[in-house]
Amino acid sequence: MEQKYLTDTRNLMTYILMSPSPFHAVAVAAKELEEKGFIALDEKKPFSVKRGGSYFVTRNSSALIAFRIPQSFKGFHISSAHTDAPCLKIKWNPDVKAKGLPSRLNVETYGGLLLQSWFDRPLSIAGRVYIKRGDRSEEKLVNMGQKYTVLIPNLAIHQNREANNGWKISVQKEMLPLFSDSDLSFMDALALSSECRKEDILDYELFLYNRTSPTFWGAEGEYFSSPKIDDLGCAWSALEALKDSQPKDHIALCALFDNEETGSGTKQGALSDFLYSVTQRIMASLGLGEEERYMMYASSRMVSADNGHAVHPAWKEKSDITNMPRMNGGVLVKYSASQKYTTDGESGAYIRSLMERNSIPYQVFHNNSDVAGGSTLGNLSSQKVSIRTCDVGCAQLSMHSSYESGGTKDTSALLSMFSAFYED
C-alpha cells in the first residue's frame, strides 16, 4: 500500500494540474465542494445559512470562502491561502511579428517570478475570456493546453558568452514566447479554444503556465516538484481538510484569496472586505446581534498559510543561523519581528500545542536578519478582520520558479494540521 504522504501529494498534484490559473483553481474547488454537499451562495443575493450547514461563496471567480457551521459555536476557526502564482500575463493585441520570423506574444510580469526558470520550458496559456452574447457578456474559462504550446528560447552560449556570469534579463525583449510560424493570429487561436467567433471576444485575463508535469523524486520519492506549489499546496490542504471536517464549537472557514503575489490590494485580495463581509453576513443570517458578533471575533483564530524557504544546501548563509527549516521537517511556524508574519507568543503557543497534541511534526521559520523575506496574507487580512492569527506553511526550494520543489511528507503534515485546527 502506498504511503499516505505519497497519496496526499499525488492528490495535490492532480489539483495543480487542473488549476493552470486562479480561475481554474476556484472552479475546481467549487465543483468539489458541491460534490461534498456544500451549498453555493451568491454575494448579490441574501445569505440564508443554518446551523449544521456547509456553504461556499466566490468572488471574481478567483477567490473563494467555504465554511461549515456546527450546531453551537463561539467563534470562527479560519484558514487562509492564495490561488495566484508569479507568472507571465498576456497583453492585449499580443501578436509580435517580424518578416521571416516566428510570431511571438507580448507579455508582462505578474508578481516576482524567477525569470530564468521560464526559458526552454513547454508553456501554455490559461485564464478566462469574456464573450459577447447578444447584449451581454459571458465569462468562460479557457485552457489552450496541448493544442497551443509556446516556448521562450534561451540565446545560445555561443551568442551570449556572459550567460553563465549573470546578465540582466529584459522582459520586453527576451521573455516573449514563440507562438507560430504560420499566419494564425493569437486571437484566432483563442477563438478556437473558446469555441466562439474572434469578433465576439470582448476581453480576457490570460496567463502563461508551465506544462511540465509534477513529479516525485529523491531516493524514496521523498521530494516532489511542480508548478505553483506556492501557494496551491496550502490552498489545497486547507480546502481538502475542510471538506471532511466536523467542527465542534467553532465555525470552520477556509478563505482562498487572489492577488497575493501583487500585494493583495484588489476586491478579491486579502486586503479587501471579502472575509469581513462574508463573516458578517454569516452571523447576521444566524441571528447574532452586534455584541455577539464582537464576541465571536474575540473568540476566533486564523491560520494564514503560505510556504517558506527551506535551507538551500549550496546557500546555507541565506537562511537563519539557528533556524534552518528543511523539506520533510514538518509544518513551518513562521515568525517576523516586522510583523510580516503574524505569529506572536500566544498564537505560536496555540498552534505548537495543537500540533504536539496531534503528533504533527513542525519546525520554526525565521528569515536571516540580513535577508528580507516576503509578506503574506495574515498581516493583511487582519487589518480587515482583527483576530488572533499565526502564519504557517511548508518548506520548499525554488520559490517563485516556474517549477518548485517540496517535501512529500510535509503535504500530509499540513493537511493534518488543518484537520486538527478545524475540529479543535
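This report describes the sheets, helix packing and nonpolar cores of a predicted model.

Residues are numbered from 1 along each chain as its sequence is written, and side-chain values use heavy atoms, with hydrogens and water left out. Because the model is predicted, local features need pLDDT of at least 70 and side-chain atom pairs count only at pLDDT 80 or more, while totals for chains, interfaces and linings use all residues.

Helices (H or I, at least four residues) and strands (E, at least two) are DSSP runs numbered from the N terminus. Two strands pair if DSSP finds at least two bridges between them. An open sheet with mixed pairing is formed by 9 strands in the order 1-2-3-13-4-14-18-16-17. Strand 1 (39-41) and strand 17 (362-365) are at the edges with a single partner strand each, so one side of each has no neighbour in the sheet. From one strand to the next, the twist averages 25°. Angles run from 0 to 180 degrees between N-to-C directions, and axes are lines fitted to C-alpha atoms, for helices over the stretch in contact. Helix 2 (residues 22-35) packs on this sheet, touching strand 1, strand 2 (54-59) and strand 3 (63-68), and its direction makes about 20° with that of strand 3. Contact means heavy atoms within 4.5 Å.

| Strands | Sense | Bridges | Residues opposite each other |
|---|---|---|---|
| Strand 4 and strand 13 | parallel | 7 bridges | Ser80 and Ala255 |
| Strand 16 and strand 18 | antiparallel | 3 bridges | Leu332 and Gly393 |
| Strand 11 and strand 12 | antiparallel | 3 bridges | Trp217 and Tyr223 |

Buried means under 20% relative accessible area, exposed means over 50%, and partly exposed lies in between (1.4 Å probe, protein chains only). In strand 13 (residues 251-257), 7 of the 7 residues are buried, so the strand is largely enclosed by the rest of the structure. Ile251, Leu253, Ala255 and Phe257 cover one side of strand 13, with Ala252, Cys254 and Leu256 on the other.

Arg301 belongs to strand 14 (residues 301-305). Arg301 is buried, with a relative accessible area of 10%. Beyond its neighbours within four places in sequence, its contacts include Phe76, Glu346, Tyr350 and Phe421.

**Helix 1 and helix 10**

The axes of helix 1 (residues 4-17) and helix 10 (residues 408-423) come within 8 Å and cross at roughly 85°. The two helices are therefore roughly perpendicular to each other (65 to 115 degrees; under 35 is roughly parallel, over 145 roughly antiparallel, and the rest oblique). Among the residues making the contact are Tyr5 and Leu12 of helix 1 and Thr411 and Leu415 of helix 10.

**Nonpolar cores**

A nonpolar core is a set of buried Ala, Val, Leu, Ile, Met, Phe, Trp, Tyr and Cys residues joined through side-chain atoms within 4.5 Å. The largest core has 50 residues, and Leu64, Ile351, Val392, Met417, Phe418 and Tyr422 have the most contacts inside it. Helix 5 supplies the largest share of this core, 9 residues. A second, separate core of 35 residues includes Phe119, Val142, Ile152 and Leu206.
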